[in-house]
Amino acid sequence: MTDKELIDQLKKGNERCLKVLYEHLGMVKSLVLKNNGSEDEALDIFQDALIVFYKNVVSGSYELRGKISTYLYEVSRRLWLNQLNRRKKYESKEDTSFIDQKADEEKQSQNSLALKEYLKSALDKLGEPCKSLLEAAVFLSMKMEDIAERFNYSSARSASQQKLRCLKRLRDGISYDDIIGLE
Amino acid sequence: MQEELKNIDLIDKYLRNTLSPLEKDRVEELLLNNPDFVKEVEVYKQIYKGIALKEEEELKQRLDNYFKEFQQKEENPKGKYRRLFQFTGAVAAVFIVGVMLFFFNKPNRVDPGSTTDPGIVKTDTIKKNDSITNTQKERIAEEEQKKIQKYPQDREDNIANDEEKNNEKLKDIVIEDDIQLALVGFETLPKESVREYNFQKTLSYTFNDKVFKLYGDPLISRLELSSIQIIESEDFGYLLKFQNKNYSIEKTSRRKRLKPISLEDQNNVADSFFNNNRDLKKSGNSILIETPGVYQSSRFVTNLKVYFDSKSKVDRTYFSNQKEEGLEFVISANFDIKKAKVFRIKQDSKEFYYLVHENEIYELKEDAKESSPLIQLDIKTNKLARLFIERQPIISFIYKKNE
């Protein structure tokens with residue numbers, strides 16, 4: 001599959017094609033291993049880069065200029081760099097503030113977990129096609145034209161109206177106090 | 001219903017940063033004056049965050065599965081890849097045999113001092129001028145091998161594609177790698193120090209018993225500030241006179257837009273208060289009049305990153321980097337990173353960048369591809385640089401009509 005064919009497939013919704021990109025994992029692995037990382041970390045970083053790439057493709061902000069492998073390498077490099085910087089910051093922190101921050105972060109991640117579950121059940125309650133429509137519009141930032149095509153709406157305009165109605169229905173099932181409490 | 005959908009549309013665009021300039025004005029107004037709208041924005045922010053968290057987790061799980069499938073396929077290659085693998089294997093074997101021939105054909109190659117096992121050569125103890133690396137051919141062979149160890153994936157490409165092209169590509173990646181290693185020594189400026197300020201003259205204010213803060217024009221002169229007059233009247237509430245205009249204000253801890261008083265009130269008010277200063281007297285306690293600086297009125301940005309090498313002993317320099325995720329500045333200067341801030345100032349759809357370190361202001365050019373010197377700005381000649389002056393509040397009084 002050429003780079004262009006792959007991108008066409010992804011745009012059509014054939015997410016499974018991402019599989020072939022794992023052939024580029026090797027170079028990211030050697031980059032991370034050389035720079036104080038482990039194999040698991042390399043896989044995580046590479047996966048995050050795949051997500052960045054995939055989202056950019058379906059939202060239309062990725063342009064095929066160079067090779068996809070170069071792009072993935074560059075994004076992975078950047079992500080790993082950020083992680084190293086964060087790690088360095090932690091190591092330089094004094095013990096007490098470190099513990100505070102750790103506690104803060106724990107609370108944050110607990111809230112995130114709860115928020116995720118909350119939205120999961122809210123979206124399940126919402127049902128199709130709203131659920132998939134919102135996932136495509138909000139998470140993948142797909143263009144309305146593409147959403148209209150994938151979900152069979154007559155135009156981008158009607159897809160966008162449908163999206164707003166779905167958002168409203170989702171919002172109506174959510175209580176302000178509940179969701180703000182998870183901030 | 002339509003009205004509600006319209007607001008949801010605005011919130012959606014606001015959160016995805018796709019508002020048109022007109023819609024932006026509308027949203028800003030709603031954010032200032034409509035607490036319900038503010039609440040809704042908060043709710044949708046959480047909804048979007050929740051959806052993103054949930055989706056990302058699910059996508060990661062699917063990716064795990066794709067990876068497993070990929071690995072299985074790797075283990076028993078078949079179909080059109082089989083030939084490629086066989087070919088790759090054959091070429092690799094020939095190559096390894098070649099490299100081994102180089103090593104084993106050389107007499108007196110082993111450094112007897114560095115290892116007890118004469119069969120092992122520690123490559124990190126080899127000096128450049130060691131007889132062991134003396135021959136040109138050998139050096140080339142080693143470099144080749146290093147490249148391959150670094151990028152085994154590219155080895156495959158090498159065979160599949162035009163070799164010359166690939167050699168170039170290898171070089172590119174190796175060079176990039178050097179930059180990466182150098183950057184690890186840099187510190188990232190914390191996100192609270194990388195800020196954006198939208199410079200547009202929409203005046204807003206907060207007001208309580210002790211302080212009146214005027215937002216929207218940090219360039220206002222001290223003279224103009226000290227001519228501000230606040231008057232308390234039984235008929236009209238609080239009135240503010242500023243730059244020859246009259247505004248009606250009220251106590252508020254949320255920022256409100258400064259609204260001129262209505263035309264019909266204008267005449268009455270003007271006649272009975274502002275034009276006749278002799279009838280006014282100071283009342284009660286003093287009040288501070290402040291114009292909060294850029295720092296207080298600006299917000300964090302995510303698409304601007306600043307890396308700092310504060311241990312740099314050479315000249316103060318910087319360069320910029322336009323990345324997919326946004327702009328980057330890489331700055332080398334012996335500054336205290338805790339006191340350094342970088343601002344993006346937006347004015348009339350143009351963007352300017354400034355580095356502020358204590359009392360010094362430096363301009364950063366968006367298109368500085370080459371390393372450029374940091375040049376300190378003169379506040380007297382650069383108008384925008386004046387944004388960063390810290391201003392002392394002015395002490396004033398609330399006036400009342402002299403009965």
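# Briefing: chains A and B

Chain B's secondary structure comes to 10 helices and 19 strands. Keep in mind that this is a predicted model. Of the 403 residues in chain B, 36% are buried. Take the contacts in chain B between residues at least 6 apart in sequence, and 61% of them join residues at least 24 apart.

**How the two chains meet**

- Chain B puts 59 residues into the contact, and chain A puts in 63 residues.
- The size of an interface is often given as the accessible area lost when the parts come together.
- Here, chain B and chain A bury about 6,000 Å² between them, with 60% of that on carbon and sulfur atoms.
- On the chain B side, Gln46(B), Lys54(B) and Tyr66(B) are the residues that lose the most area to chain A, and together they account for 11% of what that side buries.
- Between chain B and chain A there are 10 salt bridges.
- The polar contacts between chain B and chain A come to 15 residue pairs, both residues being at pLDDT 80 or more.
- Which elements of chain B each supply at least two residues of the side that touches chain A? They are α1 (2–15), α3 (35–75), α6 (152–160) and α7 (163–183).
- α3(B) gives the most to that side, with 27 residues.
- By type, the residues on the side of chain B that touches chain A split into 23 nonpolar, 8 polar and 28 charged.

**Two links across the contact**

- One salt bridge pairs Glu15(A) with Arg62(B), and their closest N and O atoms are 2.5 Å apart.
- Asp12(B) has its place in helix α1 of chain B, and its side chain makes a polar contact of 2.7 Å with the side chain of Lys163(A).
- Is Asp12(B) buried or exposed? Asp12(B) has a relative accessible area of 2%, so it is buried.
- If you skip residues up to four places away in sequence, Asp12(B) touches Lys163(A) and Tyr48(B).

**Aromatic rings**

- Over all chains, the structure holds 13 aromatic pairs.
- Tyr62(A) and Tyr71(A) are an edge-to-face pair, because their planes sit at 85 degrees, with the ring centres 4.8 Å apart.
- Both partners are buried: Tyr62(A) has 7% relative accessibility, and Tyr71(A) has a relative accessible area of 12%.
- Phe308(B) and Phe335(B) make a tilted pair, at 6.4 Å centre to centre and 45 degrees between the planes.
- Phe308(B) counts as buried at 0% relative accessibility, and Phe335(B) counts as buried at 4%.
- One aromatic cluster takes in residues of both chains: Tyr22(A), Phe46(A), Phe67(B) and Phe70(B).

**Helix α2 of chain A**

- Why is α2 of chain A described as largely enclosed by the rest of the structure? Because 7 of the 10 residues in this helix (residues 25–34) are buried.
- The buried residues of α2(A) are Leu25(A), Gly26(A), Met27(A), Val28(A), Ser30(A), Leu31(A) and Val32(A).
- Just after α2(A), Asn36(A) has a positive phi of about 60 degrees.

- Glu363(B) lies in strand β17 (residues 360–364) of chain B.
- With 25% relative accessibility, Glu363(B) counts as partly exposed.
- How far apart are the C-alpha atoms of Glu363(B) and Tyr353(B)? They are separated by 6.1 Å, and the two residues are 10 residues apart along the chain.
- Setting aside neighbours within four places in sequence, Glu363(B) is in contact with Tyr318(B), Tyr353(B), Tyr354(B), Ile375(B) and Leu377(B).

Terms used. Residues are numbered from 1 along each chain as its sequence is written. Chains are lettered from A and ligands numbered from 1 in the order in which they are written. This is a predicted model: local features need pLDDT of at least 70, side-chain atom pairs count only at pLDDT 80 or more; totals for chains, interfaces and linings use all residues. Side-chain values use heavy atoms; hydrogens and water are left out. Contact means heavy atoms within 4.5 Å. Buried area is the accessible area (1.4 Å probe) that two parts lose on being put together, summed over both. A salt bridge is a side-chain nitrogen of Lys or Arg within 4 Å of a carboxyl oxygen of Asp or Glu. A polar contact is a pair of N or O atoms within 3.5 Å; within protein, one must be able to donate a hydrogen and the other to accept it, and residues adjacent in sequence count only if both atoms are side-chain atoms. Helices (H or I, at least four residues) and strands (E, at least two) are DSSP runs, numbered from the N terminus. Ala, Val, Leu, Ile, Met, Phe, Trp, Tyr, Cys and Pro count as nonpolar, Asp, Glu, Lys and Arg as charged, and the others, Gly among them, as polar. Buried means under 20% relative accessible area, exposed over 50%, partly exposed in between (1.4 Å probe, protein chains only). Rings of Phe, Tyr and Trp (its six-membered ring) pair if their centres lie within 6.5 Å; planes under 30 degrees apart count as stacked, over 60 as edge-to-face and the rest as tilted.
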